Every structure is written in C-alpha cells, then in structure tokens.
Amino acid sequence: MSYKGVVKDNVVILEKSTNLHDGTHVIVIPEEELKEKPDFDADPFLNVDAWAPTPPPDAPRDLASRHDFYLYGKQR
C-alpha cells in the first residue's frame, strides 16, 4: 500500500489518516524519482499457485502449522 504526503521541516505529513503506528519504519521515494509506478501485481513471487509445487495427496492438512511435530515429534 502506498500513501501520499508532503515533507515539512524534515517530517513527512501524510495527506490522509493511516493506520501506521509510531515507530513504523518506512521508505520514502520522492515522486519525481519514480519513472513509473511499481506494478506489484506483476510480481511472479506473489502468484504462489504458479510456482509452488503441488503437495502430495497424502500430506497432512495441518503441515504448515505443525511442521515441528511432523519433523521432530515435538508437541507445542
């Protein structure tokens, strides 16, 4: 998500209210330095179905949340 704002006395003042909490780290890129707006939808990494392997049919449904149990037999 991106926000617009203006720098005043070396402080970024956002145009509209946001849910950013005090201490949130941000990266500010001056608008004139952007040659074109980033197309985040074109990032192939975000399209998991295109590159992630299909899990085997006998894989447990809770494998992601309980991987320690399946790898090491540890309970939470």
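This is a predicted model: local features need pLDDT of at least 70, side-chain atom pairs count only at pLDDT 80 or more; totals for chains, interfaces and linings use all residues.

**Reading one residue, then the chain**

Modeller: Let us begin with Lys74, which is exposed, with a relative accessible area of 53%. Residues are numbered from 1 along each chain as its sequence is written, and side-chain values use heavy atoms, with hydrogens and water left out.

Biologist: Where does Lys74 lie?

Modeller: Lys74 belongs to the segment after α2 (67–72). Helices (H or I, at least four residues) and strands (E, at least two) are DSSP runs, numbered from the N terminus. Between the C-alpha atoms of Lys74 and Asp49, which are 25 residues apart along the chain, the separation is 30 Å.

Biologist: How many helices and strands does the chain have?

Modeller: There are 2 helices and 2 strands, and along the sequence they follow the pattern β-β-α-α. The radius of gyration of the chain is 21 Å, well over the 11 Å that the globule rule gives for 76 residues, so the chain is more spread out than a compact globule. That radius is taken over C-alpha atoms, and the globule rule is 2.2 Å times the number of residues to the power 0.38. Along its principal axes the C-alpha trace spans about 60 × 30 × 20 Å, and buried residues make up 0% of the 76 residues.

Biologist: How should I read a salt bridge, and which side chains meet in one here?

Modeller: Side chains of opposite charge can pair when their charged atoms come close. The rule asks for a side-chain nitrogen of Lys or Arg within 4 Å of a carboxyl oxygen of Asp or Glu. The structure holds 1 salt bridge, in which the side chains of Arg66 and Asp62 meet at 3.3 Å, N to O. Arg66 is partly exposed at 27%, and Asp62 is partly exposed at 25%.

Biologist: Over which ring does the charged end of Arg66 sit?

Modeller: For such a contact, NZ of Lys or CZ of Arg must be within 6 Å of the ring centre and within 35 degrees of the ring normal. The charged end of Arg66 sits over the ring of Phe69, 4.3 Å from its centre.

Biologist: How many aromatic pairs are there?

Modeller: Rings of Phe, Tyr and Trp (its six-membered ring) pair if their centres lie within 6.5 Å, and planes under 30 degrees apart count as stacked, over 60 as edge-to-face and the rest as tilted. By this rule the count comes to 2 aromatic pairs. Phe45 and Trp51 are stacked, with 5.2 Å from centre to centre and 15° between the planes, whereas Phe69 and Tyr70 are edge-to-face, with 5.2 Å from centre to centre and 75° between the planes. Phe45 is exposed, with a relative accessible area of 57%, while Trp51 is partly exposed at 46%. In the edge-to-face pair, Phe69 is partly exposed at 28%, and Tyr70 is partly exposed at 36%.

Methods:
Buried means under 20% relative accessible area, exposed over 50%, partly exposed in between (1.4 Å probe, protein chains only).
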